[in-house]
Amino acid sequence: MIKLDTEGIRCIGIFEQSTGAGVKDCIVDNEANKVIMVVKKGDMGLAIGKGGVNINKAKQLLKKDIEVVEHSPDIKEFIENLLRPAYVKSVELLNKNDKLCAYVEVLTKHKGIAIGRDGERIKKVKLLVKRNLGVDNVIIK
């Protein structure tokens with residue numbers, strides 16, 4: 001179950017109205033002045049628009065940077081979308097101590113991309129995968 005605060009709901013409203021894309025989840029990071037929008041599968045083109053016109057309009061209205069990720073009900077595909085541009089070789093789901101854990105294998109040279117500076121990207125992946133698909137942990141191997 002995804003819980004949104006009023007800021008998240010406001011951002012989704014502005015984003016959907018200016019792009020026409022459907023949003024499934026939204027994380028507002030006021031420290032980084034950034035919003036992560038998880039759009040419905042197939043709505044990525046709408047979210048960005050021709051030449052980036054839609055996303056740039058939404059950025060101006062929200063006065064924040066926007067990162068757009070395409071949702072998928074398939075765990076492997078959703079994790080691939082979240083880790084892009086890192087190349088995901090495999091995703092293995094294991095149930096450990098009643099916790100669902102995704103072990104993600106990426107190209108060795110892409111590990112840094114997958115984890116991100118100060119682990120920022122992997123934190124985002126863990127949060128969004130937990131909120132959207134109920135996976136308790138994501139481990140890059």
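How many residues lie between β1 and β2 in their hairpin? There are four residues between the two strands, and Asn33 in the turn has a positive phi of about 50°. Strands (E, at least two residues) and helices (H or I, at least four residues) are DSSP runs, numbered from the N terminus.

This is a predicted model, in which local features need pLDDT of at least 70 and side-chain atom pairs count only at pLDDT 80 or more, while totals for chains, interfaces and linings use all residues. Residues are numbered from 1 along each chain as its sequence is written, and side-chain values use heavy atoms, with hydrogens and water left out.

**The sheet**

Three strands form an open sheet in the order β1-β2-β3, with mixed pairing; two strands pair if DSSP finds at least two bridges between them. β1 (23–29) and β3 (65–70) are the edge strands, each pairing on one side only. From one strand to the next, the twist averages 15°. Strand β2 (residues 34–39) pairs with β1 in the antiparallel sense over six bridges, whereas β2 and β3 run parallel and are joined by six bridges. Bridge partners are listed below.

| Residue | Bridge partner |
|---|---|
| Val23 | Val39 in β2 |
| Ile27 | Ile36 in β2 |
| Lys34 | Asp65 in β3 |

Five of the six residues of β2 are buried, so this strand is mostly covered; buried means under 20% relative accessible area, exposed over 50%, and partly exposed in between (1.4 Å probe, protein chains only).

**The helices**

Helix α1 (residues 6–19) lies across β1, β2 and β3, running at about 125° to β1. Helix α3 (residues 53–62) also packs on the sheet, where it touches β2 and β3, and its direction makes about 135° with that of β3. Axes are lines fitted to C-alpha atoms, for helices over the stretch in contact, and angles run from 0 to 180 degrees between N-to-C directions.

Two packed helices are described by the angle and the distance between their axes. The axes of α1 and α3 cross at roughly 145° and come within 9 Å. In their contact (heavy atoms within 4.5 Å), Arg10, Cys11, Ile14, Phe15, Ser18 and Thr19 of α1 meet Asn54, Lys57, Ala58, Leu61 and Leu62 of α3.

Ser18 belongs to helix α1. Ser18 has a relative accessible area of 8% and is therefore buried. Leaving aside neighbours within four places in sequence, Ser18 is in contact with Asn54, Lys57, Ala58 and Leu61.
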